Amino acid sequence: MMTVPIDVVALLFPLAISQNYWRGTLVNAGLTMAIFAAGGLYQARRHVSILDELPSIVGRLLASAAVVAIIAAERHASVEYVGGFMRGVAISAGLVIVGRALSRALTILVRKRRWVEHNAIIIGSGPVALELARLLRRYPQYGLRFVGCVDVTAQQDPAVLPLLGSLNDLEKLVRVLKVEVLVIADPDCPEAQLMDSLLLPGSSRCDLWEVPRLWGSRSQGGYPDHIGAIPIVKVGDISLSGPRWAIKRASDVVFSGLALLLLSPVLLLCAIATFIDGGRGIFFYQERIGRFGKPFNVVKFRSMRPVDETESQTNWSIANDRRVGPIGRFMRRTSLDELPQLWNILRGDMSVVGPRPERPYFVEKFSAEYPNYAMRHRVPVGLTGLAQVSGLRGDTPISDRARFDNYYIENWSLWLDVKVVLRTVAEVFRGGGR
């Protein structure tokens, strides 16, 4: 939490001395922070030490300084100008190191005083889990408050290790004990069973760490982390949270705001066409299930009138329903009936890209039939999705849709969203809707 603002202040400090090099200072700050982020220097760590970070920090500061020095030399023939600018870069680099050292010292202090700590559950009950629990109890500088263990069964001796319950109880325990961190340490279960528990909406909100099972395993893309002498690695985010969620939400707001503005003539024409086709009531509201199972009302252009609310909630498809008029059929085929959902996106009910929202009746039905289906609710539902642009629309296997949705969540990037949107536009122009 402290590292990013401290780095920003240190890198922009030369502006307090002179504004002559403000463009170069901003470029240097942006480039340095990008290189730091790519090198994992903004990732959470359990063992905090400036001496561990120093080689990586110095190397990346030198790389950034070399790039900005070359750019400055190309743009300015004056040696005096370039020299003055590089002195500011050197000052900011020194301040970055000092700031990091102070922030690390402060982090260790607040952890040892237990002013900042996160409730943690260890998944496993073997010797590694036992040693890890002992270390967390004895050394608060790791920032974790050990609350107990879970494993496949809860029949072990509680005098040896406090077992809170079985793996099936994990999601409930996370909610009741306000757990923020899960640590996997030699659980007595297959990986598939473990992942089923970790990917449930409640569990997936926790930070996930793992004790590597193979000797010689270590962190990738950075320096190794550990608790005591036990190596530990942070598992990639299996839900959209933190900075990734902030980036996605910001892109949703920008996209939906611009789309509502630019497509307002199209929305008006669709509204008029819907009125001509079926009279008053151009919008259709229906309850759908969103992120973490929260219900909301999705809004669409009406393409037909259901007999009653029961039909609306339980009729799977109206693709071949004779009550759908020619205008409604065209709007459904081109997905124009979905455009009012841009308002849902702007409100925060939905995202531009994500699993498509489903009705409560079918969510309950599919969750009972397909174990991985409920995991798709770790993120906001979307106007379009990877499953839909991959041909899984209408009467296609629900299990396949769930696999695509969960793949999207676990491999999310801003570029993946862009690709899905581009493929959606291509589908719209092909008329590949329902």
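Tutor: Let us begin with what a helix is here: a DSSP run of H or I with at least four residues, numbered from the N terminus. Keep in mind that the model is a predicted one. Met 195 is found in helix H8, which covers residues 191-198.

Student: What makes Met 195 partly exposed?

Tutor: A residue is buried under 20% relative accessible area and exposed over 50%, with partly exposed in between. Met 195 has a relative accessibility of 28%, so it counts as partly exposed. In space, the C-alpha of Met 195 lies 9.8 Å from that of Asn 372, although the two are 177 residues apart in sequence.

Student: What label does Ala 101 receive, and why?

Tutor: Ala 101, whose place is in helix H5, has a relative accessible area of 31%, and therefore it is partly exposed. Its C-alpha atom is separated by 8.1 Å from that of Ser 49, which is 52 residues away along the chain.

Student: Is Lys 178 buried or exposed, and what decides the matter?

Tutor: The cut-off for exposed is over 50%. Lys 178 stands at 67% relative accessibility, so it counts as exposed. This lysine lies in the loop between helix H7 (170-176) and E4.

Student: What is there to remark about the phi of Lys 178?

Tutor: Most residues other than glycine have a negative phi. Lys 178 is not a glycine, yet its phi is positive, near 55°. Arg 114, also not a glycine, has a positive phi of about 60°, and it lies in the loop between helix H5 (79-112) and strand E1 (118-123). With a relative accessible area of 38%, Arg 114 is partly exposed.

Student: How do you know that E8 and E9 pair, and in which sense?

Tutor: Two strands pair if DSSP finds at least two bridges between them. Strand E8 (residues 283-289) and strand E9 (residues 295-301) are joined by seven bridges, in the antiparallel sense. Phe 283 stands opposite Phe 301 in E9. The hairpin of E8 and E9 has five residues between the strands, and in this hairpin Phe 292 takes a positive phi near 60°.

Student: Why are E3 and E6 said to stand at the edges?

Tutor: The open sheet consists of seven strands in the order E3-E2-E1-E4-E5-E7-E6. Strand E3 (163-166) and strand E6 (225-227) each have a single partner strand, so one side of each is left without a neighbour in the sheet. On average, and with direction ignored, neighbouring strands of this sheet are turned by 35° against each other.

Student: What makes the pairing of that sheet mixed?

Tutor: Strands of a sheet pair through backbone hydrogen bonds, either parallel or antiparallel. Strand E4 (residues 181-184) and strand E5 (residues 207-210) run parallel and are joined by four bridges, with Val 183 opposite Trp 209 in E5. E5 and E7, by contrast, pair in the antiparallel sense over two bridges, and the bridge partner of Trp 209 in E7 is Lys 234. E6 and strand E7 (residues 230-234) run antiparallel as well, with three bridges joining them, and Ile 227 stands opposite Ile 230 in E7. The pairing of the sheet is accordingly described as mixed.

Student: How do you know that H1 and H3 are in contact, and which residues make the contact?

Tutor: The axes of helix H1 (residues 3-12) and helix H3 (residues 22-38) come within 9 Å and cross at roughly 150°, and the crossing is right-handed. Contact means heavy atoms within 4.5 Å. From H1 the contact is made by Val 4, Asp 7, Val 8, Leu 11 and Leu 12, and from H3 by Thr 25, Leu 26, Asn 28, Ala 29, Thr 32, Met 33 and Phe 36. These residues divide into eight nonpolar, three polar and one charged.

Student: What can be said of the protein as a whole, by the buried label and by its contacts?

Tutor: Of the 434 residues in the protein, 44% are buried. Among contacts between residues at least 6 apart in sequence, 71% join residues at least 24 apart. The protein has 17 helices and eleven strands, and it exposes about 22400 Å², of which carbon and sulfur atoms supply 62%.

Technical notes:
Residues numbered from 1 in each chain as written. Predicted model: local features only at pLDDT ≥ 70, side-chain atom pairs only at ≥ 80, totals over all residues. Heavy atoms only, no water. Axes fitted to C-alpha atoms, helices over the stretch in contact; angles between N-to-C directions. Left-handed = near helix turned anticlockwise from the far one by under 90°. Nonpolar A, V, L, I, M, F, W, Y, C, P; charged D, E, K, R; others polar. Buried < 20%, exposed > 50% of the residue type's maximum accessible area, 1.4 Å probe, protein only. Areas by Shrake-Rupley, 256 points an atom, 1.4 Å probe, with all protein chains shown as cover.
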